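User: I would like to learn how the features of a protein model are read, one at a time. Please give the general idea first and then the case at hand.

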Amino acid sequence: MRKTFVIAALAALSLGALVGIGTSPSDAQLQLRAPATQPGTCKTAPMTAQGPSAAAAQAVWASQVSAVHGANWSIWAGAADKSVVPTARGGTTWQARARPCFYHPVP
């Protein structure tokens, strides 16, 4: 009986520490959320896209990144390790390559 009481008391203390005794339920939920992505946070893997011109390749890159990661990750100006190079002789095909970064423009 004593062991059961001790185990129950320890469980209650642990649960109280997780939930946050003396706080409202909304405060307890806030403590369990993952931290928000900060501007300037970049993905580790670059993404590539091809197009008939440099501008088109950048636009395709932005569209693909937006579809995978969301609109705030797809802004070319905020990307890291950017490059746009011709892949075919005569510049008929271009490749855009960059690491998407979370970008939140300042108003």
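User: Where is the place of Ala96?

Analyst: Helices (H or I, at least four residues) and strands (E, at least two) are DSSP runs, numbered from the N terminus. By that rule Ala96 is placed in strand β3. The model is a predicted one, so to speak of local features requires pLDDT of at least 70 and side-chain atom pairs count only at pLDDT 80 or more, while totals for chains, interfaces and linings use all residues. Residues are numbered from 1 along each chain as its sequence is written, and side-chain values use heavy atoms, with hydrogens and water left out.

User: What is the mean pLDDT of the protein?

Analyst: The term pLDDT denotes the predictor's confidence in each residue, from 0 to 100. For this protein the mean is 79, and 64% of the residues reach 70 or more. Over residues 15-20 the pLDDT is below 50. Beyond near neighbours in sequence, that stretch has six contacts in the model, where contact means heavy atoms within 4.5 Å.

User: How many helices and strands are there in the protein?

Analyst: There are three helices and three strands. Read from the N terminus, their order is α-α-β-α-β-β.

User: In what order do the strands form the sheet?

Analyst: Two strands pair if DSSP finds at least two bridges between them. Here three strands form an open sheet in the order β1-β3-β2, with antiparallel pairing. The edges are held by β1 (47-51) and β2 (80-86); each has a single partner strand, so one side of each is left without a neighbour in the sheet. On average, neighbouring strands are turned by 15 degrees against each other, direction ignored. Such angles run from 0 to 180 degrees between N-to-C directions, the axes being lines fitted to C-alpha atoms, for helices over the stretch in contact.

User: Over how many bridges do β1 and β3 pair?

Analyst: The antiparallel pairing of β1 with β3 (residues 94-99) runs over five bridges. Met47 stands opposite Ala98, and Gly51 stands opposite Trp94.

User: Which helix lies across β1, β2 and β3?

Analyst: Helix α3 (residues 54-69) does, and it runs at about 135 degrees to β1.

User: Which residues make up the largest nonpolar core?

Analyst: In soluble globular proteins, nonpolar side chains tend to be buried together. A nonpolar core is a set of buried Ala, Val, Leu, Ile, Met, Phe, Trp, Tyr and Cys residues joined through side-chain atoms within 4.5 Å; buried means under 20% relative accessible area, exposed over 50%, and partly exposed in between (1.4 Å probe, protein chains only). The largest core has 11 residues: Met47, Ala49, Ala57, Trp61, Val65, Trp73, Trp76, Ala79, Ala96, Ala98 and Phe102. Of the 107 residues of the protein, 19% count as buried.

User: Is Ala96 buried or exposed?

Analyst: Ala96 is buried, since its relative accessibility is 0%. Leaving out residues up to four places away in sequence, Ala96 touches Met47, Thr48, Ala49, Ala57, Gln58, Trp61, Trp76, Ser83 and Val84. Ala98, also with a relative accessible area of 0%, is buried. With the neighbours within four places set aside, the contacts of Ala98 include Pro46, Met47, Trp61, Trp76 and Ala79.

User: Which residues does the disulfide join?

Analyst: A disulfide is a covalent bond between the sulfur atoms of two cysteines. The criterion applied is a pair of cysteine sulfur atoms within 2.5 Å, and the count comes to one. It joins Cys42 to Cys101, at 1.9 Å from S to S. With 95 degrees about the S-S bond, this link is right-handed. Cys42 lies in the loop between α2 (25-32) and β1, whereas Cys101 lies in the segment after β3, 59 residues apart. Cys42 is partly exposed because its relative accessibility is 29%, and Cys101 is buried because its relative accessible area is 2%.
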